[in-house]
Amino acid sequence: MADVLDQLLDLDRSQLDPKELDELNRVELREWLESLDYVLASGGPDRVLEILERLEAHALQHGVELPVELDTAYLNTIPVSEQPEYPGDIELERKITNLIRWNAMALVVHANKVSPGIGGHIATYASAAILYEVGFNHFFRAPSKGPDADLVYFQGHASPGIYARSYLEHRFSDEEMNNFRRELQKGKGISSYPHPWLMPDYWSFPTVSMGLGPITSIYQARFRRYLEDRGLYPKGTGKVWAFIGDGETDEPETLGAIRVAARANLDNLIWVINCNLQRLDGPVFGNGQIIQELEGIFRGSGWNVIKVAWGSGWDELLANDKEGHIIKRFEELVDGESQRYAAFGGQELKERFFNTPELKRMVEGWTDADFARLNRGGHDPVKVFAAFDRAVKHEGQPTVILARTVKGYGMGTAGEAQNITHQQKKLDENEMKAFRDRFSLPITDEQIADEPFHRPPENSPEHKYLMERREALGGFLPARVVQAEPVAPPTLEEFEEFMSGSGDREVSTTMVMVNVLRRLLRNPDWKDLVVPIIPDEARTFGMEALFRQIGIYSPVGQLYEPVDSAHLMYYKESQDGQILEEGITEAGAMSSFIAAGTAYANYGVNTVPFYFYYSMFGFQRVGDLIWAAADSHARGFLVGATAGRTTLAGEGLQHQDGHSHVLGYTVPNLLAYDPAFAHEIAFIVQEGMRRMYQEQENVFYYLTVANENYVQPGLPEHLTREQVREGVLKGMYLFRKSAKKRAKLNAQLFGSGTIMNEVLKAADILERDYGVAADVWSVTSYKELHRDALQVERYNRLNPDAEPQTAYVADALKDAKGVFVAASDYMKILPDALARHLPRPMVSLGTDGFGRSEARAELRDFFEVDARHVVLATLTALAEDGKVDKATLLEAREDLQIDPDKANPYVD
């Protein structure tokens, strides 16, 4: 044979027939591999890498263009020789896992039996059970471990399995399990998915809106480092774990921020991607290999990647495969084909995978049971433990574990690896018996019919082991434990500068908000707890002075001299910097807001996030994350800067916000304000800090501030400070009373934000030119007025035998004379929502329609919210009330130079 090979080597390859060429290639490859084995044994991995780098350079010098390979061979990252010994009782853990599998399945089946169509998901947890159980038994540390505790983002669709484990731990009763997805039943129910708002002592992170768990986990891990680097939280070994579906990586939020984790060297972050190869409707990447694709993406972004593709059943085959036939077959295997093997069993695997003479020889004499043992890595606790163990010990990079599993594992004909498995909610009695038999569960036929859930007694080996493992790791998970103590807010005296007005100096409400922030940064109790968050717009908002004052957080400090270092307000990065300058990512900044806004629960630190952003790019762009913040009990201030559709001049349609307050209506625990003046902002911020951090209410705030400069007035003289404060917080107060005492015509004008100035001008014109006594009200929050009115309406409807309550807005306007006219820089629906709670009809002016690139005066004319249009609307309302004739209206329209044929902002 050697002589033949020597002859082949002496010939030109072009002279060889295909069979000879194939033999030569095979022998060459074997010799190269044997040489590499020798170098590895004698010189170690570093010598191997050195030689490979030299070979690559040599090939490039000779014109060989090497492909960019970011993925490695389709094998487990950790070889058998490097697997640590499994530390637990693997057989007892198998029994516990199987019980949890049963209860997770029974939870969904029983719920849909009692209430058909109630929903739930079996298949996701069925695929991920081993991933979770290895974590629960050996890795996930509870809050009692303090800085060494882990934060775990559980995959939303796997929640039945998490509940099932808690049931075995006796954290849930049978009644609660019976009320899965039925939270309004008598007795306590449990929510469909992880929702801290609904289960505040249990869940910490809402994850079922796919993509939000991954991105928020990245910024959570980074915020943990921020707290440690700034000395607000002790350094520890705690990790942030996130369990993610491979189909979830389609979401931009999942992969869009992974480079942030690599840049920050977040080795406290571990992602476990459950690669069961299926989305909701079918394969994730049926014509390719999702694990290989994800490996390339993460390696290219600087992550440590650990693949757990193949179970222990493959180890011996791979060890005996000296010529790489199985590896070659792995590389050819597309996910759609893999799904068939899982769906149709060992015979399918035998016929389709082992499809060459070489592969068939390797499995000669195998039974179907032998093929069934060729499992996927994510179902093998030994492989999973090795991956988790390496991940927690890795330094300098975030880690992603790509675990290959079967969706609906164990469901058999009811849905295992079937395209319908995600929607599978029901198993008939025979299918449940098959499930029981497959996992060797001690459940009788009678119990299947009559007792949906099963847990061993408290003195059983299973229960004892379960509790011992959790005790060793600090207690139960999931568990949300609020650790922070109440803290008093700054006193109102500290905001005194905002009460007396700005004199002759014109100041925008954006700058007022920045000055309020500066005031807090000087408060000894709060200066370190304020967390300014900015998505690359600090200079737009006039916040650049904070760069030098408190610095921009960077985990590595500042490794360069900034180009503006000679300037007073230079760009200063530091390891203990306070500002989170997030770059151009509202989603990332909102994720930081959630991390900072929930630090009181996760770390026992009362950080106060102030997230400044273009108001247009808040609710409209990251509304789902704002909803998640609400669900998470987040606290803090969202500051929609450069707000108002006509106030942000020049920017045009994509930037001009006229509807964020309308969208703010949708978030139940959000208080939304559109303040016009400095004292209003001061009252709102001080009250917000009192409610959130002293009273520990689960609310957060949205304030819109604008970039239009004008003189800030002091407190109105006809009201006490407390009356003004009450009105600001409840939503409205009488800012200016009319000087006309005996006028025959009266009007009540409502202004908000910067449009308040147009309303004040309109009041002057009405009094001077038309004899109308116009009172001017500052409406700071239509939402708060509307919320109060709805609560009063509900109380009166449900309690007809009690003394009727009166809404604040109705009480405030009970003695007000004349017509009601409201104007704001937002859509008309905002004041219109309040209309039926007023004693008389109201005319609303607002900015419905698309924005334009123009100056403020032209924009306000276009949207019909300037002083002239407020005047005409008031006179029109008086005319409809029979107080003004048509001739006066026509004369006023001409005097005010309003063109009736002007462009219509609704449609133009």
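Colleague: Which strand and which helix each supply at least two residues of the lining of the largest cavity?

Modeller: Strand S1 (151–153) and helix H24 (599–602). Helices (H or I, at least four residues) and strands (E, at least two) are DSSP runs, numbered from the N terminus. A cavity is a set of points on a 1 Å grid over the protein atoms alone where a 1.4 Å probe fits but cannot get out, and its lining residues have an atom within 4 Å of a point.

Colleague: What kind of model is this, and how are the residues numbered?

Modeller: It is a predicted model, so to speak only of local features at pLDDT of at least 70 and side-chain atom pairs at pLDDT 80 or more, while totals for chains, interfaces and linings use all residues. Numbering runs from 1 along each chain as its sequence is written, and side-chain values use heavy atoms, without hydrogens or water.

Colleague: Back to that cavity. What's its volume?

Modeller: About 230 Å³ for the largest cavity. A volume is the space filled by probe spheres set on the grid points, which are joined across faces, edges and corners.

Colleague: How many residues line the largest cavity, and which lie nearest its centre?

Modeller: The lining has 24 residues. Pro143, Asp150, Leu151, Ser204 and Ala479 lie nearest the centre. S1 gives the largest share of that lining, with three residues.

Colleague: How many cavities of 30 Å³ or more are there?

Modeller: Nine. The second largest cavity has a volume of about 70 Å³.

Colleague: What lines the second largest cavity?

Modeller: Among others, His661, Tyr665, Ala672, Asp674 and Ser752. The run Val779, Thr780, Ser781, Tyr782 and Lys783 is also part of the lining, as are Tyr826 and Leu830.

Colleague: Now backbone. Where is there a cis peptide bond?

Modeller: From Leu477 to Pro478, with omega near -5°. Pro478 sits in the loop between helix H20 (461–472) and strand S6 (506–507).

Colleague: What is phi at His170?

Modeller: Near 65°, positive in a residue other than glycine. His170 is in the loop between helix H5 (159–168) and helix H6 (174–178).

Colleague: How does His170 count by accessibility?

Modeller: Partly exposed, because its relative accessibility is 32%. Buried means under 20% relative accessible area and exposed over 50%, with partly exposed in between (1.4 Å probe, protein chains only).

Colleague: What about phi at Ser440?

Modeller: Positive too, about 50°, though Ser440 is not a glycine. Ser440 lies in the loop between helix H18 (429–438) and helix H19 (445–450).

Colleague: Why does Ser440 count as exposed?

Modeller: Because Ser440 has 56% relative accessibility.

Conventions
1 Å grid on protein atoms, 1.4 Å probe; cavity = no way out; pocket = protein on both sides within 12 Å on 5 of 7 lines; lining within 4 Å.
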